[in-house]
Amino acid sequence: MELFKPMDKQSNSSANANNQMPIEHVKVLIVGSGPAGYTAAIYTSRANLNPVLYEGIQPGGQLTTTTEVDNFPGYPQGVTGPEMMEDLKKQAIRLGADIRFGIASAADLSKSPYRVTIDDEKIIETETLIIATGATAKYLGLESEEKFKGQGVSACATCDGFFYKGQDVAVVGGGDTAAEEATYLSGLCKKVYLIVRKPYLRASKAMQERVVKTPNIEVLYEHATKEIVGDVNGVTGVLLSNAKGEKVKKDITGFFVAIGHQPNSDIFKPWIDTDEVGYIKTIPGTSKTNIPGVFACGDVQDPHYRQAITAAGSGCMAAIDAERYIGERKF
Ligand code: NDP
């Protein structure tokens with residue numbers, strides 16, 4: 001039985017005879033709508049590849065949860081995260097990208113053309129797939145943390161640290177990210193408390209040494225965060241409990257969560273090589289995965305930099321890699 005209608009070169013719909021899900025054929029499917037996804041959409045649109053982009057669970061990606069973005073080149077006055085993402089989306093649409101609301105719920109990358117199911121109700125069959133699904137910062141799960149997100153609670157010191165210049169802040173976590181964030185903040189802030197739940201840091205020896213040698217970082221070992229307190233203007237303090245079960249309060253205005261990220265790669269894992277955390281492996285210097293025609297960009301493949309500008313740069317790489325792949329295969 002024929003599952004698919006013969007493919008046309010442009011976007012084209014048919015019905016899946018087996019399960020009645022409609023099937024649409026495209027040249028370039030982009031999954032994810034952070035700076036990586038939109039940049040890939042901008043470049044592939046300009047290359048006349050008629051990309052279709054599905055925005056995913058959080059349209060605009062992680063940047064929509066931050067306030068000011070001061071470090072993206074080209075915005076002399078800074079810009080808010082949601083505004084910047086709206087600008088990127090408008091630019092992609094102006095150039096012809098087909099931006100759609102929908103979540104990639106399953107994938108079949110066993111053979112080309114690849115298939116991605118959207119919202120469990122439609123299949124997109126694509127010649128090239130650009131995975132730009134990002135990563136989700138882990139949070140402690142406190143109600144007060146949720147309440148003050150964007151008002152003193154942040155998961156990115158490089159993005160938001162500047163707004164706490166000269167103030168007292170706290171970082172929670174004991175890995176390399178937490179050590180790096182604490183060190184970064186120590187150059188901006190008066191005092192940085194590093195809240196670590198164990199009696200030791202998990203960070204690399206070199207990072208640990210930097211933390212311990214920095215005079216304005218105080219490591220609070222065996223401390224658990226109980227509550228973040230604040231008022232209408234944002235965070236004013238954090239309540240902790242120490243190893244003896246005693247309550248400890250620290251006055252702070254910024255609370256940085258650095259307990260790890262989870263790359264959003266689950267549906268692709270049966271086919272795509274990832275590291276032990278789930279970050280997609282790409283061939284160094286490219287966006288190529290282990291599957292020809294499937295490319296990854298942005299935070300889903302980047303445990304190290306995780307910046308809007310590096311994500312955008314890698315989105316550009318994925319678009320160019322996809323364009324060359326299509327050119328070489330002459331679809
Ligand atoms: P990690 O998973 O390495 O560390 C997470 C830290 O957060 C651990 O100390 C963990 O504590 C703590 N933690 C987790 N959940 C909670 C919680 N609920 N309450 C309090 N603390 C909690 O994540 P990272 O983001 O630090 O690093 C991810 C990977 O990226 C690592 O492989 C790291 O080496 C790498 N990396 C490398 C960098 C570099 O080379 N420059 C920079 C940044 C990251 P516990 O130890 O008790 O489990």
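The second largest pocket of this predicted model has a volume of about 930 Å³. Of the 31 residues that line this pocket, the closest to its centre are G175, R202, A258, I259 and G260. A pocket is an open set of points on a 1 Å grid over the protein atoms alone, where a 1.4 Å probe fits, with protein on both sides within 12 Å along at least five of seven lines; lining residues have an atom within 4 Å of a point. Its volume is the space filled by probe spheres set on the points, which are joined across faces, edges and corners.

The model is predicted: local features need pLDDT of at least 70 and side-chain atom pairs count only at pLDDT 80 or more, while totals for chains, interfaces and linings use all residues. Residues are numbered from 1 along each chain as its sequence is written, and side-chain values use heavy atoms, with hydrogens and water left out.

**Lining of the second largest pocket**
- The lining comprises 14 nonpolar, ten polar and seven charged residues; here Ala, Val, Leu, Ile, Met, Phe, Trp, Tyr, Cys and Pro count as nonpolar, Asp, Glu, Lys and Arg as charged, and the others, Gly among them, as polar.
- At least two lining residues come from each of α5 (176–186) and β15 (224–231), and α5 gives the most, with four residues.
- Helices (H or I, at least four residues) and strands (E, at least two) are DSSP runs, numbered from the N terminus.
- Domain 1 and domain 2 both give residues to the lining, so the pocket lies between them.

**The two domains**
- The protein chain is divided into domain 1 (9–136 + 261–329) and domain 2 (139–257), with bounds from an automatic or database domain assignment.
- Nine residues from domain 1 and nine residues from domain 2 take part in the contact, which means heavy atoms within 4.5 Å.
- The C-alpha centres of the two domains lie 33 Å apart.
- Between them, the domains bury about 710 Å², 47% of it on carbon and sulfur atoms; buried area is the accessible area (1.4 Å probe) that two parts lose on being put together, summed over both.

**Backbone features in loops**
- S112 and P113 are joined by a cis peptide bond with omega of about -5°, and P113 is placed in the loop between β7 (104–108) and β8 (114–118).
- N48 is not a glycine, yet has a positive phi of about 65°; N48 lies in the loop between α1 (35–46) and β3 (52–54).
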